[in-house]
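Subject: Handing over the model

Hi,

Here is the structure I promised to pass on. Have a look at it first, and then read my notes below.

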Amino acid sequence: MDSTALLLARIQFGMTAFFHFLYPPLTIGLGLLLVITEGTYVFTKDQEYLRITRFFAKLFAINFVVGVASGIVMEFQFGTNWAQYSSFVGAIFGSPLAIEGLFAFFMESIFVGVMLLGWNRLSAKAHWVSTILVAFGSTLSGVWILVANSWMQTPAGYKIGSNGIPKMTNFWQMVFNPYFPSEFTHVIMGAWEYSAFFMAGVAAWFLIKNNKDTVMRKALKVAVIFGVIVACGQIIVGDIGAREVVKYQPTKLAMMEALWHSQRYAPETLFALPNNATESNGPQIGIPSMLSMLSYLNPAAKVMGLNAAIRYINKKDSKLDHTKLTLAMFPPVWIVFWSFHIMMYFGFYFALVMLIALYLLLKNKLFDSPKMLKLLSFSTFLPLIAIELGWFTTEIGRQPFTVYGLLTTFNSVSKNVSAVDLGLSITMFVLIYITLASFAVYLFKRELKERVEGKDELAGESAKAAN
């Protein structure tokens, strides 16, 4: 495959992964919030928590359907554009992906149907159990996808066979590879954080229109309490995850911090304009010794720069793919640096916003604060941007490897797919994604509009009961 075709194959996979991942985080996070609101209804019999659950369950269903449809496209690429990669990791990935498809996703899909259609057919507790299983299934589905992804970051539980292909030797070492615990926790917490802001933002939007809406007041209260916990916890989890990068992926850490040369008392760079051509940063602002402190809990510790990290990988980790790495094979450092730093700044912003919202809630001023309601509404989708930036950091920062230290991207791509083929399929995918996104936006807007007009399902049932 020529360089143009390789670039198009990378663009196509990046585009499909980006679009697909717009949906699973909300499925995972909102599923848990539905468990909380419906559980509150089951134990308190407060009908307003049932209204919250049923309204957000409809938004959950729209998101779930579009997410499933967008994920199907990704599957085909492994066999078409990335045949060499599929051959290389097939013996490893078969188990987790099969478990994800045959067990987790299967269970999630069945109980999504039960949850959406069982409102008047199951007892309150039985229905709540189905909602719990939806949340459990969506999280379990994420577990196995993250097992596969984290293995690409830190391969473990394998040996190289006589054919040069990794062969699994220990299933549990493969599952609990060094990167999995921190990646799983960080991604799941991100999904919860996004769902908290989603529920808070939607509730705030309704309260801006009518701040006496008691249903949305309770929805906002649940979202803020939940959001404070996960937003503050995510900062701690993110710090732990960064330490794993320090241990196992020195080139990624160097790009995240725009650190070109190994350094003691390394600063935490807050702003920089990295330049691959000069192997240095333009104007930069940093906190002295902070990176050494965060990486090794020692302000004098030596942190490996990108040039040294490349030499280290060439010497230590390139076990199969004997490509000699050079700086020219790595992505522009500014992409990894800024995707990581903007995500990090978003993380502090989310915690601050939720803490202020909690303070106003405790002072009984939250629902009467138009500025705070507008800020929450404005912030609805910002966690989703942070999640996507996190994946940019993870995936672009792993380059030029698909399997870190073992297989380069250049040697992962199919050899017999032309640039014309890829151009045509990218065009087709763009059209499909525009259609799916338009469909989702239309349905979301319709549900919001119907509720503004007082057409939520429970209101209809209450009217029937009254007659």
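To start with something you can check by eye: is Lys 247 buried or exposed? Lys 247 is exposed, with a relative accessible area of 56%. By my cut-offs, buried means under 20% relative accessible area, exposed means over 50%, and partly exposed is in between (1.4 Å probe, protein chains only).

Before the rest, some ground rules. This is a predicted model, so local features need pLDDT of at least 70 and side-chain atom pairs count only at pLDDT 80 or more, while totals for chains, interfaces and linings use all residues. Residues are numbered from 1 along each chain as its sequence is written, and side-chain values use heavy atoms, with hydrogens and water left out. Helices (H or I, at least four residues) and strands (E, at least two) are DSSP runs, numbered from the N terminus.

**Salt bridges**

Back to Lys 247, which forms a salt bridge with Glu 244, the closest N and O atoms being 4.0 Å apart. I call a pair a salt bridge when a side-chain nitrogen of Lys or Arg is within 4 Å of a carboxyl oxygen of Asp or Glu. Both residues lie in helix H8, three residues apart, about one turn of the helix. Glu 244 counts as buried, at 14% relative accessibility. As for the spacing, an α-helix has 3.6 residues a turn, so residues three or four places apart point the same way.

How many salt bridges does a search of the whole structure find? The search finds nine. One of them joins the side chains of Lys 218 and Asp 46 (2.5 Å, N to O). Lys 218 sits in helix H8 and Asp 46 in the loop between helix H2 (24–44) and H3, so this pair ties together parts that are 172 residues apart in sequence. Both are partly exposed: Lys 218 has a relative accessible area of 23% and Asp 46 has 21%. Together with Glu 48, these two residues are linked in a network of salt bridges.

Another salt bridge is between Arg 398 and Glu 395, with 2.9 Å between the closest N and O atoms. They are three residues apart in helix H14 (residues 382–398), about one helical turn. Arg 398 counts as buried at 5% relative accessibility, whereas Glu 395 is partly exposed at 21%.

**Two asparagines**

Leaving aside residues up to four places away in sequence, Asn 149 touches Glu 183, Trp 391, Thr 394, Glu 395 and Arg 398, where contact means heavy atoms within 4.5 Å. At 9% relative accessibility, Asn 149 counts as buried. Its C-alpha atom is separated by 9.8 Å from that of Phe 184, which is 35 residues apart along the chain.

Compare Asn 120, in the loop between helix H4 (83–117) and helix H5 (124–153). Asn 120 is exposed, with a relative accessible area of 60%.

**Helix H15**

The expected span is 1.5 Å times one less than the number of residues.Among the buried residues of H15 are Leu 422, Phe 429, Tyr 433, Glu 447 and Arg 451. What covers the buried residues includes helix H1 (3–20), helix H3 (47–80), helix H7 (180–209) and helix H8 (214–248). H15 is followed by Gly 454, whose phi is positive, near 75°.

**A hairpin and a nonpolar patch**

Strands S4 and S5 run antiparallel and are joined by six bridges; two strands pair if DSSP finds at least two bridges between them. They form a hairpin with four residues between them, and Glu 279 in the turn has a positive phi of about 55°. Asn 275 stands opposite Ser 280 in S5.

Leu 270, Phe 271, Leu 273, Ile 285, Ile 287 and Tyr 345 form a nonpolar patch on the surface, with about 480 Å² of accessible area together. Strand S4 (268–275) and strand S5 (280–287) are the elements that give two or more residues to the patch, and S4 gives the most, with three. Tyr 345 is found in helix H12 (residues 333–362) and is partly exposed, with a relative accessible area of 33%.

For the cut-offs, patches are made of residues with over 30% relative accessible area and no salt bridge; like charges are joined within 9 Å, and nonpolar side chains (Val, Leu, Ile, Met, Phe, Trp, Tyr) within 5 Å. Accessible areas come from the Shrake-Rupley method with a 1.4 Å probe, and for residues only the protein chains shown count as cover.

Cheers
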